[in-house]
Amino acid sequence: MTLNLDLLKIPKHVAIIMDGNGRWAKKQGLDRIHGHLHGVKVVKDIVKISNELQVNYLTLYAFSVENWNRPKEEVDALMELLAETIANETQELHQNNVRLRVIGNLTELTPKASQLFSEAMTLTQNNTSLNLIMALNYSSHSEINTALKKMFHYLQSNQLDSKDITPTLFQQFLDTADIPNPDLLIRTGGEFRVSNFLLYQIAYSELYFTQTLWPDFNAQSFINAIEDYQKRQRRFGMTSEQIANTNIYT
Ligand code: IPE
Ligand code: IPE
Ligand code: MG
């Protein structure tokens, strides 16, 4: 493994659209679920390297609201795999001081998966190393819709005044309320789209697309993405000259 990283410029929050499991399986003449099974191994490696590099937040898109439209056998297998994985991995996550969080609507998952995730979140809630955020039954449009409904309820019950609505306040109604926005968004699998993921939060994220299918992604691929990120100049609407003397990594 080659590490040409500047350890002082590690992104605080990396979000990943883990795509390409199905195509990976097809290439090997296997069922799609084998791609997902292999994808879980990659998740473990990426959680490990993220923790080692002291990334603070890692958000993984594991199941979108739109993914319910897949064939029933695949959806059932994915739900079973999610439940099985969290049951197997919670202790190790806890030992490694990882805090597990979920964005998306957990209550609509199978009762078994939903309960296991809830228990794992409670167990790890005081952990202080990596925040591992699983996007499950997540879509940005649903998240924003739910946020608007909550805000409307606050307005109607006079707990909120419309003049107090600001972008900062609105962000507090999202699932990611106390989570900083991603610095780096990675998508594997070769598609150049964001598929309803963190649309509000990626306003100023650096985007990294790779052809590598998720089951072929590994710690070195993750490091390569961060290296690429470190070569970029994030300007946030300002000029290069203004940015040159600012440390945006702290
Ligand atoms: C991503 O891989 C995993 C999920 C969406 C659950 P895909 O299953 O979308 O794989 P491809 O894109 O069909 O290859
Ligand atoms: C995005 O992948 C969702 C996840 C990785 C969980 P998809 O495979 O569902 O995205 P599209 O359908 O190709 O846009
Ligand atoms: Mg896909």
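**Entry 1: ligand 2**

I began with R187, where an N or O atom in the side chain is 3.4 Å from an oxygen atom of ligand 2, a pair that falls under the polar contacts (N or O atoms within 3.5 Å; within protein, one must be able to donate a hydrogen and the other to accept it, and residues adjacent in sequence count only if both atoms are side-chain atoms). The model is predicted, so I note that local features need pLDDT of at least 70, that side-chain atom pairs count only at pLDDT 80 or more, that totals for chains, interfaces and linings use all residues, and that side-chain values use heavy atoms, with hydrogens and water left out. Residues are numbered from 1 along each chain as its sequence is written, while chains are lettered from A and ligands numbered from 1 in the order in which they are written.

I then looked up two further contacts of ligand 2: a polar side-chain atom of N67 lies 2.9 Å from an oxygen atom of the ligand, and an N or O atom in the side chain of D19 is 3.1 Å from an oxygen atom of ligand 2. The protein covers 78% of the 390 Å² of accessible area that ligand 2 has on its own, by the Shrake-Rupley method with a 1.4 Å probe (for residues, only the protein chains shown count as cover). The residues that surround ligand 2 include I17, M18, Y61, F63, R70 and R193, where a residue is taken as near if one of its heavy atoms lies within 4 Å of the molecule or strand.

**Entry 2: ligand 1**

Which residues come nearest to ligand 1? I found D19, G22, R23, R32 and R70, out of 13 residues around ligand 1. D19 has a side-chain N or O atom 2.8 Å from an oxygen atom of ligand 1, whereas G22 and R23 take part through the backbone: a polar backbone atom of G22 is 2.9 Å from a ligand oxygen, and one of R23 is 2.7 Å from a ligand oxygen. Of the 380 Å² of accessible area that ligand 1 has on its own, the protein covers 87%.

**Entry 3: the sheet**

I traced an open sheet of 6 strands in the order β3-β4-β2-β1-β5-β6, with parallel pairing; strands pair if DSSP finds at least two bridges between them, and the elements are DSSP runs numbered from the N terminus (helices H or I, at least four residues; strands E, at least two). Because β3 (99–103) and β6 (206–209) stand at the edges with a single partner strand each, one side of each is left without a neighbour in the sheet. Neighbouring strands are turned by 20° against each other on average, direction ignored.

Strand β1 (residues 13–17) is joined to the parallel strand β5 (residues 184–187) by 4 bridges, and here A15 stands opposite L185 and I17 has R187 as its bridge partner. On to β6: β5 and β6 pair in the parallel sense over 4 bridges, with I186 opposite Y208 and R187 opposite F209.

I checked helix α3 (residues 72–95), which lies across β2 (57–64), β3 and β4 (131–138) and runs at about 155° to β2; axes are lines fitted to C-alpha atoms, for helices over the stretch in contact, and angles run from 0 to 180 degrees between N-to-C directions. Helix α7 (residues 219–230) packs on the sheet as well, touching β1, β2, β5 and β6, and its direction makes about 135° with that of β5.

**Entry 4: single residues**

T176 is found in the loop between α6 (167–171) and β5, and it is buried, with a relative accessible area of 7%. Not counting residues up to four places away in sequence, T176 touches I103, E143, L198 and Q201, a contact being heavy atoms within 4.5 Å.

Q54 lies in the loop between α2 (32–52) and β2 and is exposed, with a relative accessible area of 63%. N137 is found in strand β4 and counts as buried at 3% relative accessibility.

Note on methods:
Buried < 20%, exposed > 50% of the residue type's maximum accessible area, 1.4 Å probe, protein only.
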